[in-house]
Amino acid sequence: ELDMRLLELTLNFSETVNASSLDVTEIVIQNATRRIASEGVRLSTSATASAGGLQIVIELSVADANSIKAAGALATVSTADAYVTLSNTTISDMNRVAVVSIDDTAARQVDVFVADNIAPSLSQFDLDMNGAQLVLWFSETVRAGTLSVTQLSLQSNTTLGSGGSFTLPSSSTVSTADSATVAVSLSASDANAIKALPPSLPVLCSGGSDTFLVASGAAVSDMQ
């Protein structure tokens, strides 16, 4: 079972296994019975809190989950593109007998798949006025090509209308790689426009105390 909403991979075995013997790096999530190199993700930092038993629940790390989502054609909407392989060193039973491997030429299709239906959120951002670059960190991998920069506004405080603000123009360029981190490059004229706001308004983006970002719910989409 693969749950991309709760970020869990559940493995059910024919007999009791020793959870402490689990090596998640021997598990690969792929999008078909036979793996294509660009459409398979090997787990790296995921872990389990399960005790020994017939079932092991692996909690996918943010890094592993983002790698799966960034693959694009992997584990997106149904069991049709979600398969699992594992080597015989992945886990063993209570007598240290190794699990039977599932090779990447005959991967096991997941029995249950739950798609990610949680919208991405902005975790943090950095603004470099010297380099004219805005870097956005999201809670999960997003499709960089869907980022609408006109849905982003910089303002001098938390309340719109009581300070200076600047909405990014469509001319701002966005990094193309799908990732949890997206970079937006401002043109020199845009950076100057931010600095040249009327003196009657509070200073905008001179430091952390007057740099706030507003992003609408339509600013970007995730990989689903």
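Mentor: Begin with pairing: two strands pair if DSSP finds at least two bridges between them. Note that this model is predicted. Here β7 (residues 83-86) and β9 pair antiparallel over 2 bridges. Tyrosine 83 stands opposite glutamine 109 in β9.

Trainee: What holds paired strands together in general?

Mentor: Strands of a sheet pair through backbone hydrogen bonds, either parallel or antiparallel.

Trainee: In what order do the 4 strands of the open sheet run?

Mentor: The order is β4-β3-β7-β9, with antiparallel pairing. The edges are β4 (40-42) and β9 (108-109), and each of them pairs on one side only.

Trainee: Which strands pair with β6?

Mentor: Take β2 (residues 8-18): it pairs antiparallel with β6 (residues 53-59) over 6 bridges. There, asparagine 12 stands opposite glutamine 55. Then take β5 (residues 47-48): 2 bridges join it to β6, again antiparallel. Alanine 47 stands opposite glutamate 59. A hairpin of 4 residues links β5 to β6.

Trainee: Is arginine 96 buried or exposed?

Mentor: The cut-off for exposed is over 50% relative accessible area. Arginine 96 has 77% relative accessibility, so it counts as exposed.

Trainee: And what is the phi of alanine 132?

Mentor: Near 55°, also positive in a residue other than glycine. Alanine 132 lies in the loop between β11 (122-128) and β12 (133-142). Its relative accessible area is 12%, so alanine 132 is buried.

Conventions:
Residues numbered from 1 in each chain as written. Predicted model: local features only at pLDDT ≥ 70, side-chain atom pairs only at ≥ 80, totals over all residues. Heavy atoms only, no water. Buried < 20%, exposed > 50% of the residue type's maximum accessible area, 1.4 Å probe, protein only.
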